[in-house]
Amino acid sequence: MSDPQSAIAYQAQQLSSLSHKLSEQAERLANDVTSYNFAMGHGSDFLTTGLTIFILSCFVGYYVVWRVTPALHSPLMAITNAISSVIIVGALIAAGPSETSFSKIVGFLGVILVSINIFGGFIVTRRMLQMFKKK
């Protein structure tokens, strides 16, 4: 065996042991992070994520609607009513099971609120469109 081949083999062996140590350290770190997240209650914190998305979407929606010109409010209301019409399908599915549960109560409440939003939106849209008609 020549000298350069043994040097390469030795370096490959060192690299292999070094990568093995690195993978063990990464595995320990992953276990530590996972155990820390579950110990601190961050394992599957869906409520915090959902609440954050809801608050951010409220801000985005407010600023989007605030910047709309008055001429575009009627089409915006029509699209909002269409979105509410799609949302009522999800509320009906949630209210659908025969047994009484929290999801059924929330689904029923969702059906009521979305219905008010849809019909109120159509009334407001109709009044706004009447304002643009020639007398």
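Helices here are DSSP runs of H or I with at least four residues, strands are E runs of at least two, and both are numbered from the N terminus. By that rule, the protein chain has four helices and zero strands. Read from the N terminus on, its elements run α-α-α-α.

A word on the ground rules: this is a predicted model, in which local features need pLDDT of at least 70 and side-chain atom pairs count only at pLDDT 80 or more, while totals for chains, interfaces and linings use all residues. Residues are numbered from 1 along each chain as its sequence is written, and side-chain values use heavy atoms, with hydrogens and water left out.

**The chain as a whole**

Of the 135 residues in the protein chain, 12% are buried (buried is under 20% relative accessible area, exposed is over 50%, and partly exposed is in between, with a 1.4 Å probe and protein chains only). The protein chain exposes about 11,400 Å², and carbon and sulfur atoms supply 71% of that area (by the Shrake-Rupley method with a 1.4 Å probe). A contact means heavy atoms within 4.5 Å. Among contacts in the protein chain with a separation of 6 or more, 59% join residues 24 or more positions apart.

**The largest pocket**

Rolling a probe the size of a water molecule over the atoms shows where empty space is left. On a 1 Å grid over the protein atoms alone, a pocket is an open set of points where a 1.4 Å probe fits, with protein on both sides within 12 Å along at least five of seven lines; lining residues have an atom within 4 Å of a point. The largest pocket has a volume of about 350 Å³, and its lining consists of Phe54, Ser57, Val65, His73, Leu76, Met77, Thr80 and Ile87. Helix H2 (46-66) and helix H3 (73-95) are the elements that give two or more residues to this lining. H3 gives the most, with five residues.

What does the side chain of Gln14 make a polar contact with? The partner is the side chain of Tyr10, at 2.6 Å (a polar contact is a pair of N or O atoms within 3.5 Å, one able to donate a hydrogen and the other to accept it).

Leaving aside residues up to four places away in sequence, Asn117 touches Asn81 and Ser84. Asn117 and Asn81 are 36 residues apart along the chain, with their C-alpha atoms separated by 7.4 Å.

Technical notes. Points joined across faces, edges and corners; volume = space filled by probe spheres on them.
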